[in-house]
Amino acid sequence: MVARLGPLLALLAFGAPLPATLQDPSPLASASAETATEHTHHHQQSVLLARAVTPLADDPSCTPADRVFIERSYQLARQSVQEGGFPFGAVLVVDGAIVAEYRNSTASSQDPTRHAELGLISTFAPKLGREAFRRGTLYASSEPCIMCVGAILNAGLLRVVYGTTQTQFQRVIGDHPQPSPLTIREIIGRTNPAITVKGPLLEKEGLAIHESFWPWALRTWGRDRS
Ligand SMILES: [Zn+2]
């Protein structure tokens with residue numbers, strides 16, 4: 001597997017562009033310049049109206065490398081917003097190198113299952129094979145939801161790191177219909193305790209992304225699309 005992944009890892013070294021065959025196939029680049037401008041215009045107001053949520057401390061067991069890859073997942077989340085999507089990103093790292101990235105594409109695809117984590121797994125599992133997921137670490141900009149944890153369990157992943165706690169970013173959104181979601185640790189603890197879960201990490205940075213996005217999104221789109 002190492003030999004097979006070798007050239008791929010080299011191609012996908014941190015910061016390198018994905019080869020065309022491994023790029024997220026969703027039409028994320030379709031957001032119009034107008035949409036981006038409109039968002040920028042509303043951005044200033046949004047910041048003023050966002051709820052202040054105090055970030056939780058970093059999980060002390062996270063490593064310096066974990067910080068680097070959570071930072072990358074936050075970059076993807078911000079990129080998704082710039083492209084007219086929702087603020088979530090995910091990264092798969094094998095042997096210290098990024099082998100797959102995905103941004104939430106539910107808005108552009110109109111497919112509600114296209115969360116960053118599930119989208120990454122369903123897009124890249126056929127290309128990378130199960131061994132890459134078993135040996136890899138999945139980084140998620142926000143704590144994976146129950147749907148994505150199901151995909152994580154089925155993908156054979158054994159290590160997951162998340163940036164922003166789900167309950168924390170839901171506080172930014174306000175009266176969310178699921179104010180007390182099942183946490184990934186609760187689900188993993190009941191289903192496969194062999195999986196290591198780390199997080200939160202750099203939550204202040206992750207909350208800032210949500211604080212600048214959701215007030216604008218809720219005013220623009222209403223609650224149905226959130
Ligand atoms: Zn999800």
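Of the 54 residues that form the largest nonpolar core, L92, Y139 and V160 touch the most other members; such a core is a set of buried Ala, Val, Leu, Ile, Met, Phe, Trp, Tyr and Cys residues joined through C-beta atoms within 7 Å. The structure is a predicted model, in which local features need pLDDT of at least 70 and side-chain atom pairs count only at pLDDT 80 or more, while totals for chains, interfaces and linings use all residues. Residues are numbered from 1 along each chain as its sequence is written. Leaving aside neighbours within four places in sequence, Y139 is in contact with F69, I70, S73, A90, V91, V93 and V161, where contact means that the C-beta atoms of two residues, placed from the backbone, lie within 7 Å.

The chain contains 10 helices and five strands, taken as DSSP runs (H or I of at least four residues for helices, E of at least two for strands) and numbered from the N terminus. Of its 226 residues, 42% are buried, that is, have 20 or more other C-beta atoms within 10 Å of their own. Among contacts between residues at least 6 apart in sequence, 70% join residues at least 24 apart.

T164, which lies in strand β4 (residues 159–164), is buried, with 33 other C-beta atoms within 10 Å. Not counting residues up to four places away in sequence, T164 touches S141, S142, E143, F169, P200, E203, G206, L207 and H210. T164 and L207 are 43 residues apart in sequence, yet their C-alpha atoms are 6.6 Å apart in space.

Helix α8 (residues 166–173) and helix α10 (residues 203–221) pack at an angle of about 30°, with their axes 9 Å apart; axes are lines fitted to C-alpha atoms over the stretch in contact, and angles run from 0 to 180 degrees between N-to-C directions. Helix α8 is therefore roughly parallel to α10, a description applied to angles under 35 degrees. The contact is made by Q168, F169, V172 and I173 of α8 together with E203, L207, H210, E211 and W214 of α10. These residues divide into five nonpolar, two polar and two charged, where Ala, Val, Leu, Ile, Met, Phe, Trp, Tyr, Cys and Pro count as nonpolar, Asp, Glu, Lys and Arg as charged, and the others, Gly among them, as polar.

The axes of helix α7 (residues 146–155) and helix α9 (residues 184–191) come within 10 Å and cross at roughly 40°. Here I146, V149 and L153 of α7 meet I184, I187, I188 and T191 of α9, a contact whose residues comprise six nonpolar, one polar and no charged.

Technical notes:
Angles under 35 degrees count as roughly parallel, over 145 as roughly antiparallel, 65 to 115 as roughly perpendicular and the rest as oblique. A residue is buried if 20 or more other C-beta atoms lie within 10 Å of its own, exposed if 12 or fewer, and partly exposed in between; C-beta atoms are placed from the backbone.
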